[in-house]
Amino acid sequence: MTNPLIICCAITGSLPTKANNPAVPISVAEQVESMHEAFEAGATICHAHVRNADETPSSDPDKFAALKEGLEKHCPGLIIQFSTGGRSGAGQARGAMLSLRPDMASLSVGSNNFPTRVYENPPDLVDWLASEMVTHDIKPEVEAFDLSHILQAVKMHGDGRIKDTPYIQFVMGVKNAMPADKHVFDYYVETVKRLLPGAPWCAAGIGAQQAVLNEWSIAAGGHARTGMEDNVRLDRDTLAPSNAALVQRTVEIAQKHSRPIATPAQARALLGLRAA
């Protein structure tokens, strides 16, 4: 295959702490430095969360603004994707930073179980987040934790709540949600190709499933997500020394499948984003 591979690096998330791995970046400065290394290793999307000084998750727009400024300065052309996930805030606070106009933002279009809670995405909040993304010219990355989420994204695209061609990410391996099942993965890919012809897609695996989903996705012609939000280890016995190390592992899988790594400009073109 010759289609360029877009690598997304989810550098921080809401849950991993320095007790899990000392290399997890928490402060804005740490995140910028970590993402700069990952960017140089081949990542072209930064999936961004922000944290408080005590490592708890935050939805503070000022923190997002500082992170965006640092990433734009040190990673020219990087695609910045803000998380609107539910661990860092409730209700419309989850999208309070969208007025900063990142290139992309995550959009979960339905609810599902997480390890110890329900990940709630009620229809009115989903519609509000989607409308904010339309208003501020932000491309959503639809995070599909279930087949129904892909079908809902198709519906939202059809009625204009999602503009342009959707970008779908399959999330597999979350406890109590969809496991990393190859038959399900193949059906996800088939469903996107059938209902959204030509739409780009990506896959994310949690924990030990990260490398597994990277392999499946790259081999099938999709794009890949890695990073310490989803997994803090290189293997059972080895902590990842950096986000860049996880990106490099993804690059090595791409090389095995003859997939070139997308440049920032190529990634923007593939996703239909505005120029940097």
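Angles under 35 degrees count as roughly parallel, over 145 as roughly antiparallel, 65 to 115 as roughly perpendicular, and the rest as oblique. The axes themselves are lines fitted to C-alpha atoms, for helices over the stretch in contact, with angles running from 0 to 180 degrees between N-to-C directions. Helices (H or I, at least four residues) and strands (E, at least two) are DSSP runs numbered from the N terminus. This is a predicted model, in which local features need pLDDT of at least 70 and side-chain atom pairs count only at pLDDT 80 or more, while totals for chains, interfaces and linings use all residues. Residues are numbered from 1 along each chain as its sequence is written, and side-chain values use heavy atoms, with hydrogens and water left out.

Helix 1 (residues 28–41) packs with helix 7 (residues 243–256) at an angle of about 15 degrees, their axes lying 8 Å apart, and the two helices are therefore roughly parallel to each other. On the side of helix 1 the contact (heavy atoms within 4.5 Å) is made by Ser 34, Glu 37, Ala 38 and Ala 41, and on the side of helix 7 by Asn 243, Ala 244, Val 247, Gln 248 and Val 251. These residues divide into 5 nonpolar, 3 polar and 1 charged, where Ala, Val, Leu, Ile, Met, Phe, Trp, Tyr, Cys and Pro count as nonpolar, Asp, Glu, Lys and Arg as charged, and the others, Gly among them, as polar.

Helix 7 also meets helix 6 (residues 209–219), the axes coming within 10 Å and crossing at roughly 35 degrees. Here Gln 210, Ala 211, Asn 214, Glu 215 and Ile 218 of helix 6 face Leu 246, Arg 249, Thr 250, Ile 253, Ala 254 and Lys 256 of helix 7, a set that divides into 5 nonpolar, 3 polar and 3 charged.

Turning to the sheet, 8 strands close into a barrel in the order 1-2-5-6-9-10-11-12, with parallel pairing, two strands being paired if DSSP finds at least two bridges between them. Neighbouring strands of this sheet are turned by 25 degrees against each other on average, direction ignored. Strand 9 (residues 139–144) and strand 10 (residues 167–172) run parallel and are joined by 4 bridges, and Val 142 has Ile 168 in strand 10 as its bridge partner. Helix 5 (residues 182–195) lies across strand 10 and strand 11 (201–205), running at about 170 degrees to strand 10.

In total the protein chain has 8 helices and 14 strands, and its C-alpha trace spans about 45 × 40 × 40 Å along the principal axes.
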